[in-house]
Amino acid sequence: NEMLFVDPNCLRQGIGRNMVDIAIGEHQVQYVEVNKQNKAAHRFYKKMRFIDSEYHNEDAYGNPYPIIGMRQEPFLAITDRLYIRNLSTADYPKLRDFMKDNESMYAIGKGFTDKQIEEWINNQIFSYYKYGYGCWAVTLHEDINSPIGVAGLFKTIIKGRGKVAIGCIFDHEQWHQGYAAEVFSRIIGLAFTMFKIKEINFPVRHDDRQSVRLALKLGMTDAGTINWNYKGKESPFTRYRLKKEDAILDYPE
């Protein structure tokens, strides 16, 4: 267990936020405990996207100090067949099953190494905290603890400007069941409503006909060719784009 304290003379200078950045970004902290009587600390962690999850009448040493347990906000969305939830380090073994597989990772060009998978999960955990969104675990209703894929939003640079893109990776054994369209529709709706994003981009390889069909089904339009990292080098991709004002689907609120 570690503790976070800031000298009262140094409050409101961003020191606490920087320390939380390090705790989440480098150590994947997703749970904190706060003394119930410390209302300022409770408000602080709420601003850091933590929510109340547990209550204890005593602290860890058995002293009569009520403690509030808080967890990183567990974003959760539901479609007809799927759950979309935050990733955690506990998902590593399941993600490893398909993220090391070249066929499942065809859009990226090759499977990830063990270290790359760990770093990728850590980056998503930090993204939830920093932006409210990232790539989430996608599971079937029957087993919320076993991701069959990942999907979500991520920040990227397109033609020298910061943009938000959408993407997904599914275990190749789960392909051709319409999961990507189902998840993308839900995520795009949330992007435009909950996250107040104005434009979604979807880079697609020229020969990826399935993703082209998906983009068009979602109402996206061809916004030209961009260079995108594929197999470790810049390659031409088609940039499909959907602006909020052009959305034609009935996105959920």
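Residues 24 or more positions apart account for 58% of the contacts in the chain with a separation of 6 or more, where a contact means heavy atoms within 4.5 Å. The model is a predicted one, with pLDDT of at least 70 needed for local features and 80 or more for side-chain atom pairs, while totals for chains, interfaces and linings use all residues. Residues are numbered from 1 along each chain as its sequence is written, and side-chain values use heavy atoms, with hydrogens and water left out.

As for the overall layout, the chain has six helices and 11 strands. These are DSSP runs numbered from the N terminus, with helices being H or I runs of at least four residues and strands being E runs of at least two. Taken along the principal axes, the C-alpha atoms fill a box of roughly 65 × 35 × 35 Å. Of the 253 residues, 45% count as buried. Here, buried means under 20% relative accessible area, exposed means over 50%, and partly exposed is in between, using a 1.4 Å probe and protein chains only.

Next comes the nonpolar interior. In soluble globular proteins, nonpolar side chains tend to be buried together. A nonpolar core is a set of buried Ala, Val, Leu, Ile, Met, Phe, Trp, Tyr and Cys residues joined through side-chain atoms within 4.5 Å. The largest such core has 48 residues, and L153 and M220 have the most contacts inside it. Helix 5 gives the most to this core, namely nine residues. A second, separate core has 10 residues, including V34, Y45, M70 and Y129.

Helix 5 itself is mostly covered, with 13 of its 15 residues buried. Its length works out too: at 1.5 Å a residue, its 15 residues should span 21 Å, and the end C-alpha atoms are 22 Å apart, which agrees. The expected span is 1.5 Å times one less than the number of residues.

L153 sits in strand 7 and counts as buried because its relative accessibility is 0%.

M48 lies in the loop between helix 2 (39-47) and strand 2 (50-56). With a relative accessible area of 2%, M48 is buried. Beyond its neighbours within four places in sequence, M48 is in contact with R17, V20 and Y129; Y129 also belongs to the second core. M48 and A165 are 117 residues apart in sequence and 24 Å apart in space, C-alpha to C-alpha.

Then there is the empty space. Rolling a probe the size of a water molecule over the atoms shows where empty space is left. On a 1 Å grid over the protein atoms alone, a pocket is an open set of points where a 1.4 Å probe fits, with protein on both sides within 12 Å along at least five of seven lines, and lining residues have an atom within 4 Å of a point. The second largest pocket has a volume of about 1,200 Å³, a volume being the space filled by probe spheres set on the points, which are joined across faces, edges and corners. Its lining has 43 residues, and A107, I108, G167, C168 and I169 lie nearest its centre. Among the elements that give two or more residues to this lining are helix 4 (114-131), strand 8 (161-170) and helix 5 (179-193). By class, the lining has 25 nonpolar, 12 polar and six charged residues. In this scheme, Ala, Val, Leu, Ile, Met, Phe, Trp, Tyr, Cys and Pro count as nonpolar, Asp, Glu, Lys and Arg as charged, and the others, Gly among them, as polar.

The loop between strand 8 and helix 5 holds D171 and H176. D171 counts as buried at 18% relative accessibility, whereas H176 counts as exposed at 65%. Leaving aside neighbours within four places in sequence, D171 is in contact with F98, S104 and I148.

Backbone angles bring up H176 again. Most residues other than glycine have a negative phi. H176, although not a glycine, has a positive phi of about 65°. K159, also not a glycine, has a positive phi near 50°. K159 is found in the loop between strand 7 and strand 8 and counts as exposed at 60% relative accessibility.
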